[in-house]
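The following note sets out numbered remarks on the structure shown below.

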Amino acid sequence: MKPRQQRMLAVGLAAVGLLIATVLTMQAFEKNMMFYVEISEVAKGNAPEDRNFRVGGLVVEESVVREPGDLQVQFTLTDMEAELDVLFSGVLPDLFREGQGIIAHGRMGDNGKFVADKVLAKHDENYMPPEVAESLAKHAAAKAAAQAEAAAEAVKP
Amino acid sequence: MLRYAAPAIVFAGMVAMFYFALGRDPGELPSPYLGKPAPQFELPRVKDPSATIGSADYAGQTVLVNIWATWCVGCRQEHDFLLQLANSNAIPIIGINWRDQRQEAITWLRQLGDPYVASGYDADGRVGIDWGAYGAPETFLIGPDGTVLYKHISPLTQQVWEQEFVPRIEQVKQASL
Amino acid sequence: MIPELGHFALILALSLAICQGVMPLIGAQRGDDSLMALARPAALGQFVFVAFSFGCLTWSFLQSDFSVLYVANHSQLELPTIYKISAVWGAHEGSLLLWILILAVWTVAVSRYSAELPLSMRARVIGVLGLLSCGFLLFTLLTSNPFERLIPAAQDGADLNPLLQDPGLAIHPPLLYIGYVGFSVAFAFAVAAMLSGNLDQTWARWTRPWTTWAWLFLTVGIALGSWWAYYELGWGGWWFWDPVENASFMPWLAGTALIHSLAVTEKRGLFKSWTLLLAISAFSLSLLGTFLVRSGILVSVHAFATDPSRGLFILIFLGIVIGGALTLYAMRAPSLDSAAGFRPLSRETFLLLNNVLLVIAATLVLFGTLSPLLVEFASGEKISVGPPWFEIAFVIPMLPLIFLVGLGMHTAWRTQDPRRLFAMVRTPAIIAVVLGVLVPTFFYGRFSLMTVVSLIAGFWIVAVSLLQPLRNLRREEGAARMTRSALGMTVAHLGLGLFVIGVTIVSTFTVEEDISMVPGQKVAVAGYDFELKSLDRVEGPNYNALEGLVEIRRNGEFVSELRPQKRTYRVQQSPMTEAGIDVGWNRDLFVALGDPLGNAAWSVRIQYKPMIRFIWLGAFVMALGGIVAASDRRYRLTAAARDKQGVVAGEAA
């Protein structure tokens, strides 16, 4: 082969390699990215099927239950409007506690409960993950507005 | 040659993206209640658990609702200014003592002074969350009709007070005349 | 009074930094020697005032002066003295001051060890560093003053975040910053060279030792950070692909590419414009990392407290510094195309491939880190990308690179006879394949394709790196004496091999179990018997803890006794897991207490981590290679001697 052809071949091979690598990387990206889904959306049935996603909310007071001595734990998350039961088996993070804002990774189980494979709590208990703070504020407001409306309805003769 | 300018162009695109991303910061988000009725609450008072303080106590007035706690250094920072406001009778200040220990809160008020009409004791943080609090301190300006006129995150200062709060209070006064 | 002095010293440092940043640059442009001569005294003076200011802040911490807001926020009376010192850089304001101090130290070092540089070059380098320092000082003074007062003073401080009360974290940030900031020297050299328009390969030779030093500190800093995360975040991971970690890893990748590309530019005068771009990129990525971490636009486990005004300031600073440098690059680089060519099989080719693959890797990490932002812009969806993606995306360019490293090391500049090359590397290749198959089968009882390929890669580099030193030891005929820089390269690549072996084995053969245990109970994990003997309350200086006593036996024989703790820090009332780790050269045994499960049971995480020490060992060996290379005599010769010596052809990089 002439040097020119050699160079063409090298460039061609590099381009094909790069293309394959790009496709693989993007496929992996598509597969591994996790959407953040608000609890109210999950309650409406708008959760992604057959793939992992993230939910975030407050751990409802007195909702953490477990069989004594068992690793499996269930708790309820709320965004102040809707609620979601979460199942988790394993060691919870240090700052997991009732009333705390947390994020869980996992997917929907068959029983309408969220099966988490990872539970994250911030390493600063007075700080709330921004996604959680945002959806809490939004849904708390929605709920308050709905209540105000209901109250106004009730007052009407 | 475009080849050599490409890094600069890509970088400019990134800077533009970051600029918009900065504007999205949650600290800058307006409270979802802005211009809407503030959440109702009723809490036992810090100093006197048998009495309560709540939305009903300030109906029809323009007030500040300040979320504070003894563990929050920002609250200590703004405390002097709150005292100054209270001493000048500028506006009644209602406190919500958030996720705190009652005894520590009482000690704090005794040692540093108490700028509040009264403080509600919100031990489990429920009320704070109802108000959409991200942290402490946060200060809400509530109009006579019970709507949230303004919300300030982080310590209150003279400058913020004059720039953001005073004009809104004046506006309410004008409107009610 | 002391805090005010510190604040005042910072303002004086700023005025000196302005002088250092403006005068020498004007002087160099006009050829005015007296203006250029200002560079060194201004740099020294700036250093003195910054150091004084840093001392004032440290003093305030040692005195527990809670009338200083920053101290009140990050310290406490009972905090042990060592952590009162490390708390100085435990949060945003103080760590920024540390950054400035380190920049001043680098600047003084450059002005001290640059006697052989032409006066105008030295003036420009110090001038550019002075401008950078101006930016950081302004940032501190305008948005993040560490000396802000808190009146009335707090009775007691809010305490340092318990996670940061750890020896690993006391030294990790300074080392990391020395690395980050060190790249600003390479950046300053690149900008100075572009300003002067004199872009022959001398600037590459001047830059090389500085870049190597910065790179090796960054390497150690990242390794320490990973080690800290391993035992202090409590759960046995050693790398999380968290934005903060990526922020330090991207400059490392770019810096590694830069070191290699500088070798080509210095030796052969090739890749000139590319090397310039890398020198700008390595530092730009350090700055970008700082921006991402401190502006709060990305969410991270260890994010600093965020403030939009700070973010805006860094963004503007970023725009001026990087944008300016890249614009200058766009103007200067077109004239740098070099005519000299090289054969397809030559060291130049391998170093080019090394650069391409490292830059692809850095770009992928950057893409992954920024992808939540990109996707939110494109679709409004909030997403996150987990470690699994980073692992796949990172391995794709890295695996070929590792195989190429072994060949590149033994390839000559300009052109190489393929038969001689293959004869030389045949034995190491065979050894690598044999070990790569045998080790997993024999020691761990199972293997997968990916494991075997990665292990072969690791053993391959180790074997190939040992080739030359072994030949020298046996005094084989025809074996060239190794220069320091060749030896340094060999050692660094050996470290890379150890690292690859460690990563492969630990990620394939880790055994991790979460178990519910009551005192007295025994469980078997990976051939070891763990017995939870008791749970007791213990008291630390500023925390209370529940301490488990776990005895480990293997085939009945005593191995170790671990005391994992669940701590509650008294001031912040925050719980912290302190793992118990039994360290061995070929495996760690890791026990962490989870939560009480009722009926006296606790959740316990038990892990068997084979070869995990090789990860950090590998990184430290890499850094050691950097020290050896940077101490090469060539970099200590005087300018005159060097000119006589000229460019030594055929010498290893």
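1. Domains of chain C. The domain assignment divides out two domains in chain C: domain 1 spans 1-160 and domain 2 spans 511-610. This is a predicted model, and the remarks here should be read accordingly. The C-alpha centres of domain 1 and domain 2 of chain C are 43 Å apart.

2. Contact of chain C with chain A. Here 30 residues of chain C meet 26 residues of chain A. On the chain C side, two or more residues each come from strand E1 (383-385), helix H14 (387-409), strand E2 (511-517), strand E8 (575-578), strand E10 (587-598) and strand E11 (601-610). H14(C) gives the most, with 5 residues. By residue class, the side of chain C that touches chain A has 15 nonpolar, 10 polar and 5 charged residues.

3. A strand pairing across chains A and C. Strand E1 of chain A, residues 33-36, pairs with E1(C) in the antiparallel sense, over 3 bridges. Within this pairing, A:Met34 stands opposite C:Ser384 of E1(C).

4. Contact of chain C with chain B. This contact involves 29 residues of chain C and 21 residues of chain B. Helix H4 (69-74), helix H11 (272-295), helix H12 (308-332) and helix H13 (347-379) of chain C each supply at least two residues to the chain C side. The largest share, 12 residues, comes from H12(C). The side of chain C that touches chain B consists of 20 nonpolar and 9 polar residues, with no charged residue.

5. Packing of H13(C) on H14(C). How are these two helices oriented towards each other? The axes of H13(C) and H14(C) lie 9 Å apart, and the helices pack at an angle of about 170°. An angle over 145 degrees counts as roughly antiparallel, and H13(C) is therefore roughly antiparallel to H14(C). The H13(C) residues that take part include C:Phe350, C:Leu353, C:Leu357, C:Ile360 and C:Leu364, while those of H14(C) include C:Trp389, C:Phe390, C:Phe394, C:Met398 and C:Leu401. C:Arg347 and C:Asn354 are also among the H13(C) residues in this contact. In total, the contact of H13(C) with H14(C) has 18 nonpolar, 3 polar and 1 charged residues.

6. Packing of H15(C) on H16(C). The axes of helix H15 (residues 418-444) and helix H16 (residues 449-473) of chain C come within 7 Å and cross at roughly 140°. The two helices are therefore oblique to each other, and their crossing is right-handed. From H15(C), the contact draws on residues including C:Val425, C:Pro428, C:Ile431, C:Leu435 and C:Val439; from H16(C), the residues include C:Thr451, C:Leu455, C:Phe459, C:Trp460 and C:Leu467. The division by class is 18 nonpolar, 2 polar and no charged. C:Gly436 of H15(C) is also one of the contact residues.

7. A hairpin in chain C. Strand E9 of chain C, residues 580-583, is joined to E10(C) by 4 bridges, and the two strands run antiparallel. E9(C) and E10(C) form a hairpin with 3 residues between them. In this pairing, C:Gly580 stands opposite C:Val591 in E10(C).

8. Chain B contains an open sheet of 5 strands in the order E5-E4-E3-E6-E7, with mixed pairing. Its edge strands are E5 (118-122) and E7 (148-153), each pairing on one side only. From one strand to the next, the twist averages 20°. Strand E4 of chain B, residues 93-98, and E5(B) run parallel and are joined by 5 bridges; B:Trp98 has B:Asp122 in E5(B) as its bridge partner. Helix H5 of chain B, residues 158-176, packs on the sheet and touches strand E6 (138-142) and E7 of chain B; the direction of H5 makes about 170° with that of E7(B).

Conventions: Residues numbered from 1 in each chain as written. Chains lettered and ligands numbered in written order. Predicted model: local features only at pLDDT ≥ 70, side-chain atom pairs only at ≥ 80, totals over all residues. Axes fitted to C-alpha atoms, helices over the stretch in contact; angles between N-to-C directions. Parallel < 35°, antiparallel > 145°, perpendicular 65-115°, else oblique. Left-handed = near helix turned anticlockwise from the far one by under 90°. Contact = placed C-beta atoms within 7 Å. Nonpolar A, V, L, I, M, F, W, Y, C, P; charged D, E, K, R; others polar. Pairing = 2+ DSSP bridges. Domains from an automatic or database assignment.
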